[in-house]
Amino acid sequence: MRRSKRLTALLLVFVLMLTCVPVGVVKAAKKKSAQFAYRIDTLDLEMNRRLAVDVLSQIDGKVHVYRTEAGSKTPTKDEVRRNGYAVDVQAKIETTAYSSNGFDMDELYDIYIVFEDDWGTLYGPWKKANYKPSYFPAGDGTISNPYQIWTQRHLYNVYYDISSGNDGKEYIQMQDIVYDNTLDFTTIWGRYSNFKGSYNGNNHCIYGMMGSLAGGLAENAQIHDLYIVASRTKEGGLFCARDNNGTIKGCAAYQCNVEGAGVSAGAICGENRGAIRRCEVQNVTVDCSDNGGGIAGLMSDGVIELCYAEASVRGGATAGGIVGRIQGGRIDGCMANPSHLHVNSKDLYKGGIAGQLMGSDAMITGNLSNYQPSTPEYTVHTDASIIANTGESSGYDYRVNCVGNVGAVPYLPKPPISTGDEAEDEKNMQEYMEMMEYWPTHNGELNTLAGGAMQIDPIENYISINASNIIAFTGLHIAYTRAYPNETEAYNKACPLTKKTVKYTAKSQPAKVTISSAKRVEGNKISISWKKVKKADGYEIQLSKGKYVTFENYTELKKTSYTTYGLSKGYAYGVRVRAYRTVKGKKVYGQFSTIKYVKLFDD
């Protein structure tokens, strides 16, 4: 008997052991693998010098980023969660998380990252040891290894790099950059400072920029091979807000708006003292209160050559297809096709190439403009703008300062109309004869196309103008056809995210509800019953007042049947039910049941 009892007890223990094993197996099976990836990027100095960390997760959750001095004791997961900076992440959407601020550029840090899922489970920490803060993801600022610009964040960091004393560095843009328009109008590299380095656009674009790149360019500084598209500035110029003492070459602006309050404005720069070469402007509007030009508003020295401008220009004092006012320097081999020129000033200093020529050392040579006023204008400076494409000479001889330029239609002044006053008529005729005596029927040594309009179509090639013939024009003139860029694909490929695998407990979603019965009872009530769902903590009922009406929550309960009340007669109500479980204080819902419709109609 005793032996039998012992055997029975042993069998019971064995059975209990067997029944416990599947429980452990089930729990283990609920743990699934998911990828979590991160990239330690650069300091985001617009965010108080926090470290930016790009993260990508396959599941929803939260990322915590924490820093310590290099070599410090490794924190626990909970310490990272409590002391680090956190950001919510959505599954499969790349997000930027940040660490605490105040990084010292000369110190080394250990960076820790912890991922927290929706149920509060922590994973990690993952560590990047001996991190040295950087403004850029790669490069050292030399000619052979320039700093790499991949994102809007890196573009802004150029300013902070300059502010820290790194003048004269080399930068290269690695992909098209699309602005997120979270920042108002500004000068990215400093409104009151001169950029002293070299920025290579690498034939890439900046889309949607709200502001200007540089306040000024210092001598020997340059911006080249960069296109700015669909952007707007109030600083007077897209590439250089005010003073250009350096070089801008091989650049272009498309579909942009340039404004300048109290300053001269042009699509490339506001005021030019340096060199602008082989630049192009198309579908651009320039509007300012002083001197306005398609390329530059004011030119006091330097050179603008081999440029093409197709812009609508409105200036407070002058307006020109290339430059509003030229006080010194040289405009050579340029072509302008202004869609509109308007000057607020009554003096009407406007011209197809330049609105006003001032200074004996200012030269306008070998240029062409298709500008043609809508009506003949008979002042000397305006008619000169049609032939010489320069509005006002301020006493300097066109034949000296303007050589080899061609305008659209060489209008000649018409004789004055009689006023009925003999003395007044005689005076007007004398002025007319004097005007005709000095009227430049040719511009320098090049004959204009007198007597007919000049039709130029600069689609394939430019037209070159010199003292003896009109053959071809040399310039940039590239048609912009690039599609809207993917600004993250190339960066992710060049700077891949570090992938980690996490084991997380899957959300325990209850099964789909099956409705057993849904029918009308006691007038305008509906009786609903459904089958019990295993491990469900409760059920939610939703109703819709018609087949094409949105469902709304009606009630939640724990039992498997319910009778509605307060419904309206004359409708066919839709009924659906779903189960839910409560996991760590959060409800996890299952799928809705198949919809059942119940008519509350009287026969």
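Rings of Phe, Tyr and Trp (its six-membered ring) pair if their centres lie within 6.5 Å; planes under 30 degrees apart count as stacked, over 60 as edge-to-face and the rest as tilted. We're working with a predicted model, where local features need pLDDT of at least 70, side-chain atom pairs count only at pLDDT 80 or more, and totals for chains, interfaces and linings use all residues. Residues are numbered from 1 along each chain as its sequence is written, and side-chain values use heavy atoms, with hydrogens and water left out.

**Exercise 1.** Find which residues ring pairs link into a cluster.

*Solution.* Start with the total: the whole structure has 20 aromatic pairs. Now follow the links, and you get a cluster of Tyr135, Phe136, Tyr147, Tyr171, Trp189, Phe195 and Tyr199.

**Exercise 2.** Work out how the rings of Tyr554 and Tyr562 are arranged.

*Solution.* First, the centres: they're 6.1 Å apart. Next, the planes: with 70° between them, the pair is edge-to-face. Last, check accessibility (buried is under 20% relative accessible area, exposed over 50%, partly exposed in between, with a 1.4 Å probe and protein chains only). Tyr554 is partly exposed at 26%, while Tyr562 is buried at 18%.
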